[in-house]
Amino acid sequence: MLQKDTAGATGKRPDGAPAHPKLSVRAAFKSFDSAAGRTQALHDCSLDVFPNEIVSIVGPSGCGKSTLLWAMSGLHDLTSGEVLCDGE
């Protein structure tokens, strides 16, 4: 889920955390083609991780957890969307 930047002039969110995420995934799509057809591994996945946050990605087998982690690390290219570290 995308989080709204509510930092204002202080550079901090209301909870005191930095206003800008360390890692952002924006509208990530990833599909794979095989002889059986096309598999959609990620569909419009968005995520912000702020400094000092601990994040867990959970779900059933085959739901795209590893694909998302591989894309965030740069080991997989996304079909569309972007992964940003420190806004770049």
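Partly exposed describes a relative accessible area between the buried limit, under 20%, and the exposed limit, over 50%. The model shown in these views is predicted.

**View 1. Salt bridge between D48 and R26.** An N to O distance of 2.7 Å separates these side chains. The pair joins strand 2, which holds D48, to strand 1, which holds R26, across 22 residues. D48 is buried at 7% relative accessibility, whereas R26 is partly exposed at 26%.

**View 2. Salt bridge between D33 and R38.** The closest N and O atoms of this pair are 2.8 Å apart. D33 is exposed at 57%, and R38 is exposed at 58%. The whole structure has three salt bridges.

**View 3. K30, a buried lysine without a salt bridge.** K30 belongs to strand 1 (residues 23–34). The nearest side chain of opposite charge, that of D77, is 6.6 Å away. The K30 side chain does reach the backbone oxygen of D77, at 2.7 Å. Residues touching K30 include T39, L42, T67, H76 and L78.

**View 4. Nonpolar surface patch.** V55, I57, L69, W70 and L75 together expose about 470 Å² of accessible area. I57 sits in the loop between strand 2 (37–49) and helix 1 (65–73) and is partly exposed, at 32%.

Terms used
Residues numbered from 1 in each chain as written. Predicted model: local features only at pLDDT ≥ 70, side-chain atom pairs only at ≥ 80, totals over all residues. Heavy atoms only, no water. Patch = residues over 30% accessible without salt bridge, like charges linked within 9 Å, V, L, I, M, F, W, Y side chains within 5 Å. Areas by Shrake-Rupley, 256 points an atom, 1.4 Å probe, with all protein chains shown as cover. Salt bridge = Lys/Arg side-chain N within 4 Å of Asp/Glu carboxyl O. Helix = DSSP H or I, 4+ residues; strand = E, 2+ residues; numbered from the N terminus. Buried < 20%, exposed > 50% of the residue type's maximum accessible area, 1.4 Å probe, protein only. Lys, Arg positive; Asp, Glu negative; His and termini not counted. Polar contact = N/O pair within 3.5 Å; in protein donor to acceptor, adjacent residues only side chain to side chain. Contact = heavy atoms within 4.5 Å. Lists of a residue's contacts leave out its neighbours within four places in sequence.
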